[in-house]
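Work through the exercises below with the sequence and the model in view. Each task is followed by its solution.

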Amino acid sequence: MSPFSNLCRLSNFITGSYKNVILGRTNWINQTQICNYTKKSAEAKLGIEKPKRPLTPFFKFMTQMRPALLAKNPGISSKEAIAWSSKHWQQLDNETKSQMVKEYEKDLEDYKKIKDIYESSLTDQQKEDIKRVKDEMAAAKEKRKLKAEYKEMGRPKKPMSSYFLFAQSRHDTFKGSDMKEYQEKLRTAWLKLPESERVAFEKQAQSLMIKYKKDLEAWELKMLSLGRSDLIRQKPTRQKKTKSAKDTQ
């Protein structure tokens, strides 16, 4: 039996502390460090321990091979790492693959039992909190996606306010200060600014805003011509006033 095959048999410990509860296992071999490519879940944000779905045989293989791969190629990209793992996975002997599939199926059965225990243990408040955080995360994701599309399609950027124009002009003056000190000095300087200078910044901001609005309208017309109405601002439709009985008399 190859050393890697033995490693596969020994490293079938990926479902976390919930598995200890259902199977009564107390002595665990140190788990292989798994690189987590996903962002924090709603449950993790709330401090709720949710059982993890077991890795599929290929991803488990990739995780186990990752330390050796990084040691040999420290600067390798994710795309190259996946391609390398895929190539070596195809070269892996059928016996090892078969064993890994059996282990995955066993882990999946355990996971389903653990998941049932977990879901039944959640309070109504926890369920509401999880739903709320998931909704917030979905909205944030859509916002990031929209922002990326705006950038890709060249949407004009909203100009700075008079205060931020002033801050930009004084950037070198307070250079070296920490953030809190910088903000305090900037605020004090803004409040002490002569009226004439403040008006100049306000006029500059107003001029930039007028240009921004014109540029934005031109950009939105271009988006409409490209069939991207989803990227333009949603303008409220004006409702027609219905004539009252008094007006018709």
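Contact means heavy atoms within 4.5 Å. The model is predicted: local features need pLDDT of at least 70, side-chain atom pairs count only at pLDDT 80 or more, and totals for chains, interfaces and linings use all residues. Residues are numbered from 1 along each chain as its sequence is written, and side-chain values use heavy atoms, with hydrogens and water left out.

**Exercise 1.** Find the contacts of Leu186, leaving aside its neighbours within four places in sequence.

Solution. Start with the location: Leu186 lies in helix H9 (helices are DSSP runs of H or I, at least four residues, numbered from the N terminus). Next, list the partners: Tyr163, Phe166, Ala167, Arg170 and Phe174. Phe166 is 20 residues away along the chain, and its C-alpha atom is 8.8 Å from that of Leu186.

**Exercise 2.** Decide whether Leu186 is buried or exposed.

Solution. Buried means under 20% relative accessible area and exposed over 50%, with partly exposed in between (1.4 Å probe, protein chains only). Leu186 has 4% relative accessibility, so Leu186 counts as buried.

**Exercise 3.** Name residues of H10 that are buried, and what they pack against.

Solution. Among the buried residues are Phe201, Tyr212 and Trp219. The buried residues of H10 pack against helix H7 (124–152), H8 and helix H9 (179–191).

Notes
Helices (H or I, at least four residues) and strands (E, at least two) are DSSP runs, numbered from the N terminus.
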